[in-house]
Amino acid sequence: HHPRRTPAVSKVSTVSNESSPTPAGGEFDSLVAIVTGGASGIGAAITRRLQAGGARVAVLDRDPAAAPDGSLPIACDVTDDASVRAAVERTVTELGRLDIVINNAGIGAQGTVADNDDEQWHQVWDVNVVGMVRVARAALPHLRESPVAAIVNTSSIAATAGLPQRALYSATKGAVLSLTKAMAADHLPEGIRVNAVNPGTADTPWIGRLLDSAPDPAAERAALNARQPHGRLVAADEVAGAVAYLASPASGSTTGVGLAVDGGMQELRLRPR
Ligand code: NAD
């Protein structure tokens with residue numbers, strides 16, 4: 001029903017040309033993005049990075065008060081389908097179009113399968129997996145209208161590493177990765193690319209809260225740094241840079257990948273030290 005198009009050919013300049021008398025435009029000039037969970041941590045860094053490239057960004061967050069300056073903050077709970085559909089429609093009404101969807105909202109869970117009951121499984125799955133499905137479903141009709149449509153889903157090192165004490169969280173992030181590949185195949189003929197980013201442990205308010213709950217947060221942070229292959233936490237801006245690449249026409253021939261941003265943990269099969 002949707003005609004096959006030439007996928008994702010850039011209308012915007014992504015390569016700077018020093019001999020050009022006019023400055024190159026931002027890579028996201030004239031484009032509109034949605035970032036879920038964009039009011040904190042990785043999502044806020046992604047929002048600022050897309051804005052720096054010229055995008056106008058709607059931040060869909062259940063707690064949007066701290067959304068970055070210049071963004072359109074929209075209160076939205078990704079577990080509520082009506083809330084998601086209203087937020088996507090409001091984005092298109094106020095910003096005029098939709099080109100990029102960053103499915104980043106997610107919550108954590110600790111423990112083995114012995115520790116989390118059915119209610120916890122349903123709750124975390126509903127945010128981390130079905131939340132991304134709801135946003136994509138509402139966004140697809142608009143993305144089909146964009147010549148440079150891209151979706152980027154935030155997965156995690158937990159999708160592939162076998163992290164201890166993270167059974168529920170890992171299952172949701174593994175599902176995000178498989179979902180990304182299935183969506184990439186389904187929507188390639190419509191010119192919509194779908195990729196994931198797999199961060200290692202990243203320095204965000206989420207990790208800050210975990211550290212603060214330890215008896216000695218400074219010692220806990222040092223120990224956490226030492227467990228990363230490159231000896232430190234991943235910076236939220238490093239994740240944002242990878243997401244910006246996958247969201248931009250510069251990656252126009254890349255779809256269905258899970259790009260690791262983890263100091264080598266995924267690709268080198270390194271274990272947390
Ligand atoms: P964070 O807690 O700092 O930010 C998450 C944001 O999502 C918050 O603004 C929160 O209000 C929002 N959110 C949560 N549930 C929501 C819902 N139901 N509807 C709408 N918004 C909701 O977390 P972060 O560390 O920036 O993590 C962002 C993403 O990155 C998550 O998907 C997480 O799983 C993933 N991730 C984080 C790390 C890490 O170490 N921080 C590592 C790998 C992957």
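Biologist: Which strands does helix α5 lie across, and at what angle does α5 run to β6?

Modeller: Helix α5 (residues 167–187) lies across β5, β6 and β9, and runs at about 160° to β6. The model is predicted, so local features need pLDDT of at least 70 and side-chain atom pairs count only at pLDDT 80 or more, whereas totals for chains, interfaces and linings use all residues. Residues are numbered from 1 along each chain as its sequence is written.

Biologist: What makes a stretch a helix or a strand here, and what does the angle refer to?

Modeller: Helices (H or I, at least four residues) and strands (E, at least two) are DSSP runs, numbered from the N terminus. Angles run from 0 to 180 degrees between N-to-C directions, with axes fitted as lines to C-alpha atoms, for helices over the stretch in contact. On that scale, helix α3 (residues 118–143) runs at about 180° to β4 (100–103) and lies across β1 (32–36), β4 and β5.

Biologist: How do you know that β5 and β6 pair?

Modeller: Two strands pair if DSSP finds at least two bridges between them. Strand β5 (residues 150–154) and strand β6 (residues 193–199) have five bridges in the parallel sense, and Ile-151 stands opposite Val-194 in β6. β4 meets the criterion as well: β1 and β4 share three parallel bridges, with Ala-33 opposite Ile-100. β4 and β5 share four parallel bridges, with Ile-102 opposite Val-152.

Biologist: What is the order of the strands in the sheet, and why are β3 and β9 called edge strands?

Modeller: Seven strands form an open sheet in the order β3-β2-β1-β4-β5-β6-β9, with parallel pairing. β3 (72–75) and β9 (258–261) are the edge strands: each pairs on one side only. Neighbouring strands of this sheet are turned by 20° against each other on average, direction ignored.

Biologist: Why is Thr-255 called buried?

Modeller: A residue is buried if 20 or more other C-beta atoms, placed from the backbone, lie within 10 Å of its own, exposed if 12 or fewer, and partly exposed in between. Thr-255 has 22 such neighbours and therefore counts as buried. Thr-255 sits in the loop between α8 (236–247) and β9. Leaving aside neighbours within four places in sequence, the contacts of Thr-255 are Ala-184, Leu-188, Arg-193, Val-194 and Asn-195, a contact being two C-beta atoms, placed from the backbone, within 7 Å.

Biologist: Is Gly-96 buried or exposed, and what makes it so?

Modeller: Gly-96 has 10 other C-beta atoms within 10 Å and is therefore exposed. Gly-96 is found in the loop between α2 (81–95) and β4.

Biologist: How do you know that both faces of β4 are covered?

Modeller: Ile-100 and Ile-102 on one side, and Val-101 and Asn-103 on the other, are all buried. In a regular strand the side chains alternate between the two faces of the sheet.

Biologist: How many residues surround the ligand, and which are the closest?

Modeller: The ligand is surrounded by 29 residues, the closest being Gly-37, Ser-40, Gly-41, Gly-106 and Thr-204. A residue is near a molecule if its C-beta atom, placed from the backbone, lies within 6 Å of it. α1 (41–52), α3 and α6 (205–212) each supply at least two residues of this shell.

Biologist: How do the residues of the shell divide by type, and what makes a residue polar?

Modeller: The shell holds 12 nonpolar, 13 polar and four charged residues. Ala, Val, Leu, Ile, Met, Phe, Trp, Tyr, Cys and Pro count as nonpolar, Asp, Glu, Lys and Arg as charged, and the others, Gly among them, as polar. Gly-37, Gly-41 and Gly-106, which are among the closest residues, therefore count as polar.
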